[in-house]
Amino acid sequence: MATSEATVATTAKPIGKDEVSAAVLQAASELFAEKGPAATSIREVAARAGVNHGLLHRHFGSKRQLLAATLQHLADSAAALRESGASQAEVEATYEFQARVMVRSTLDGFPVEELQQRFPGMEAFLDQVRAGHTDDRTARLLAAHGMALQVGWGLMGPTLRVAFGLQDLDDNEIRTAVAEQIAKIVAAE
């Protein structure tokens with residue numbers, strides 16, 4: 001009897017708008033990271049979330065609207081995690097996951113810059129860079145360069161290691177080297 005109750009508890013379908021929304025955003029995030037939004041159907045997202053696809057449409061609308069909600073959810077969740085004092089490793093993993101969804105979306109032709117309304121992680125980084133620069137445009141450009149370096153290594157690290165003969169470096173050494181270069185890029189005037 002306890003086994004069947006445990007099974008029911010672990011396979012229970014989300015109920016109510018908040019549970020449905022959370023389950024759909026989690027499922028969409030995973031599928032968009034794995035396959036990209038172009039190769040992911042609304043039905044797949046609904047099935048993984050354990051909801052009827054009609055319910056998904058009611059709460060989110062089109063795939064484009066679901067992608068917009070997913071991108072914003074990932075950005076806001078990553079910022080909240082960073083602000084909560086989570087470990088550096090957990091924050092980095094969350095940002096890398098978010099970047100993967102953003103890049104897959106971009107490669108699939110979705111305009112992330114139009115779909116996502118706020119970029120709290122990038123805004124926080126820009127605020128850090130601004131502290132050392134009097135010219136706002138320079139600070140913005142330097143922050144963009146630093147972010148591009150971080151995202152590039154996060155997504156292309158294994159290829160960059162092989163292409164440039166850096167296989168002897170472990171993940172921590174790469175992270176340290178990237179952080180050092182970003183610090184140089186955004187260094188105070």
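**Close-up 1. Helices H3 and H4 lie roughly perpendicular to each other.** The model shown is predicted. H3 covers residues 42-49 and H4 covers residues 53-60. Their axes cross at roughly 105° and come within 8 Å. Angles of 65 to 115 degrees count as roughly perpendicular, so this pair is given that label. On the H3 side, the contact is made by Ile-42, Arg-43, Val-45 and Ala-46. H4 contributes His-53, Leu-56 and His-57. By class, the contact of H3 with H4 has 4 nonpolar, 2 polar and 1 charged residues.

**Close-up 2. Helix H2 crosses helix H5 at roughly 95°.** H2 spans residues 16-35, and H5 spans residues 63-83. The two axes come within 10 Å. From H2, the residues in contact are Val-24, Leu-25, Ala-28, Ser-29 and Phe-32. They meet Leu-66, Leu-67, Ala-69, Thr-70, His-73 and Leu-74 in H5. The contact of H2 with H5 has 8 nonpolar and 3 polar residues, with no charged residues.

**Close-up 3. Helix H5 also meets helix H8, residues 120-130.** Here the axes come within 8 Å and cross at roughly 45°. That angle makes H5 oblique to H8. H5 brings Gln-72, Ala-75, Asp-76, Ala-79 and Arg-82 to the contact. Pro-120, Gly-121 and Ala-124 are their partners in H8. By class, the contact of H5 with H8 has 4 nonpolar, 2 polar and 2 charged residues.

Definitions and conventions
Residues numbered from 1 in each chain as written. Predicted model: local features only at pLDDT ≥ 70, side-chain atom pairs only at ≥ 80, totals over all residues. Heavy atoms only, no water. Axes fitted to C-alpha atoms, helices over the stretch in contact; angles between N-to-C directions. Helix = DSSP H or I, 4+ residues; strand = E, 2+ residues; numbered from the N terminus. Contact = heavy atoms within 4.5 Å. Nonpolar A, V, L, I, M, F, W, Y, C, P; charged D, E, K, R; others polar. Parallel < 35°, antiparallel > 145°, perpendicular 65-115°, else oblique.
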